[in-house]
Amino acid sequence: KGHVLARHNLGADEANNGNCELAVQHWMISAKMGDEDSLNRIKGMFMEGLATKAQYAEALKGYQTALEEAKSPQREVAKAFFNK
């Protein structure tokens with residue numbers, strides 16, 4: 001899979017070069033690793049007609065799965081502690 005930020009940046013480079021399909025592929029990978037910026041980029045591409053509804057749905061599902069996998073009791077305790 002690679003490094004999340006590196007994948008996101010590769011997507012941005014491809015988008016800047018006009019390679020929208022490749023950009024979406026890179027952002028799909030980083031979105032599935034929990035990168036919200038990549039998810040938002042795919043959403044933007046979908047809104048512009050440059051990504052499919054299925055691609056956006058897949059990215060959203062992968063993003064949500066990554067967030068669920070990152071949850072733990074220790075994180076919840078820390079979150080409650082720091083959000084007082």
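Modeller: Let's begin with His 8, which touches Trp 27, Ser 30, Asp 35, Asp 37, Ser 38 and Arg 41, not counting residues up to four places away in sequence. This is a predicted model, where local features need pLDDT of at least 70, side-chain atom pairs count only at pLDDT 80 or more, and totals for chains, interfaces and linings use all residues. Numbering starts from 1 along each chain as its sequence is written, and side-chain values use heavy atoms, without hydrogens and water.

Biologist: What makes something a contact here?

Modeller: Two residues are in contact when heavy atoms lie within 4.5 Å. Ser 38 meets that test with His 8, Trp 27, Ser 30 and Ala 31, leaving aside its neighbours within four places in sequence.

Biologist: What makes a stretch a helix?

Modeller: Helices are DSSP runs of H or I with at least four residues, strands are runs of E with at least two, and both are numbered from the N terminus. By that rule the chain has five helices and zero strands, in the order α-α-α-α-α.

Biologist: How do you know that the length of α2 agrees with its number of residues?

Modeller: The expected span is 1.5 Å times one less than the number of residues. For the 13 residues of α2 that gives 18 Å, and the end C-alpha atoms are 18 Å apart, so the two agree. After α2 comes Gly 34, with a positive phi near 100°.

Biologist: Which residues of α2 are buried, by the way?

Modeller: They are Ala 23, Val 24, His 26, Trp 27, Met 28, Ser 30 and Ala 31. The buried residues of α2 pack against α1 (4-16), α3 and α4.

Biologist: Why is a set of residues called a nonpolar core?

Modeller: The members must be buried Ala, Val, Leu, Ile, Met, Phe, Trp, Tyr or Cys, joined through side-chain atoms within 4.5 Å. The largest such set has 13 residues, and Trp 27, Leu 39, Ile 42 and Ala 59 have the most contacts inside it. At least two of its residues come from each of α2 (20-32), α3 (36-47) and α4 (53-70), with the largest share, five residues, from α2.

Biologist: Where does Gln 55 sit, and is it buried or exposed?

Modeller: Gln 55 lies in α4. Its relative accessible area is 15%, so Gln 55 is buried. Beyond its neighbours within four places in sequence, Gln 55 contacts Glu 21, Val 24, Met 28 and Ile 42.

Key: Buried < 20%, exposed > 50% of the residue type's maximum accessible area, 1.4 Å probe, protein only.
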